[in-house]
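Me: I would like to go through this model with you. Could we begin with its interior and then turn to the aromatic rings?

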Amino acid sequence: MDGPVNFELHERLEADTFHIGDFPLCRVLLMNDQRFPWFILVPTKGQLTELYHLTAEDRVHYIQETSFLSQKIMDAYSGHKLNVATLGNVVPQLHIHHVVRYRNDEAWPGPVWGFGEAVPYTDEVLKERLSRLSLLKGELFTPTQFLSDILAK
């Protein structure tokens, strides 16, 4: 598995998320919407649009990274259900959403996509949400300076 090759994050993901870290294959993003613990993995292998564009080896890593993140965020945020999905209708770049859901969240039981207006993070809520990600440290996850700076405040 090589590092980023001709990788550029789609402008919509760049605008709507925080880059909080990296796995060996994927960039780890946090959606800037404090209503939901919402993470996105984006493979850093060129400009891919479909899962089958990954090599067989990279597909295995993609599933391992999504499974690892899924378990860690459910442990961290104690959700009732985890929504994991790839859509690609608005952002064609291959990415996978991981949204921790609660029976009392405002979109339950429907999907979060297109529901209401995003509520951008305040510094306080962002720090609290990200502080729970200490579960990721020391494993496959490499935090960004942004994450380190938020947690140091």
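Me: Which residues touch the most other members of the largest nonpolar core?
Reply: This is a predicted model. In its largest nonpolar core, which has 29 residues, Ile20, Phe23, Leu30, Phe39, Ile73, Leu130 and Leu133 touch the most other members.

Me: Which helices and strands each supply at least two residues of this core?
Reply: The strands are S1, S2, S3 (38-43) and S5 (96-101), and the helices are H2 (56-77), H3 and H4 (145-152).

Me: And which of them gives the most?
Reply: That is H2, with 6 residues.

Me: What is leucine 30 in contact with, leaving aside its neighbours within four places in sequence?
Reply: Leucine 30 is in contact with Asp16, Thr17, Phe18 and Ile20, with Trp38 and Phe39, and with Tyr121, Leu126 and Leu130.

Me: What does the second, separate core include?
Reply: That core has 13 residues, among them Leu13, Met31, Val42 and Val91.

Me: On to the rings. How many aromatic pairs are there?
Reply: The count is 7 aromatic pairs. One of them joins phenylalanine 23 and phenylalanine 141, with ring centres 5.8 Å apart.

Me: Why is that pair edge-to-face?
Reply: The planes of the two rings stand at 65°, and an angle over 60 degrees counts as edge-to-face.

Me: Is phenylalanine 23 buried or exposed? And phenylalanine 141, buried or exposed?
Reply: Phenylalanine 23 is buried, at 5% relative accessibility. Phenylalanine 141 is also buried, at 5%. The cut-off for buried is under 20%.

Me: Which residues do ring pairs link into a cluster?
Reply: Phe18, Tyr121 and Phe146 are linked in this way.

Me: What sits over the ring of tyrosine 77?
Reply: The charged end of arginine 129 does, 5.9 Å from the ring centre.

Me: Finally, where is histidine 53?
Reply: Histidine 53 is in the loop between S3 and H2. With a relative accessible area of 38%, histidine 53 is partly exposed.

Notes. Residues numbered from 1 in each chain as written. Predicted model: local features only at pLDDT ≥ 70, side-chain atom pairs only at ≥ 80, totals over all residues. Heavy atoms only, no water. Phe/Tyr/Trp six-rings, centres within 6.5 Å; stacked < 30°, edge-to-face > 60°. Buried < 20%, exposed > 50% of the residue type's maximum accessible area, 1.4 Å probe, protein only. Lys NZ or Arg CZ within 6 Å of the ring centre and 35° of its normal. Core = buried A, V, L, I, M, F, W, Y, C linked by side-chain atoms within 4.5 Å. Helix = DSSP H or I, 4+ residues; strand = E, 2+ residues; numbered from the N terminus. Contact = heavy atoms within 4.5 Å.
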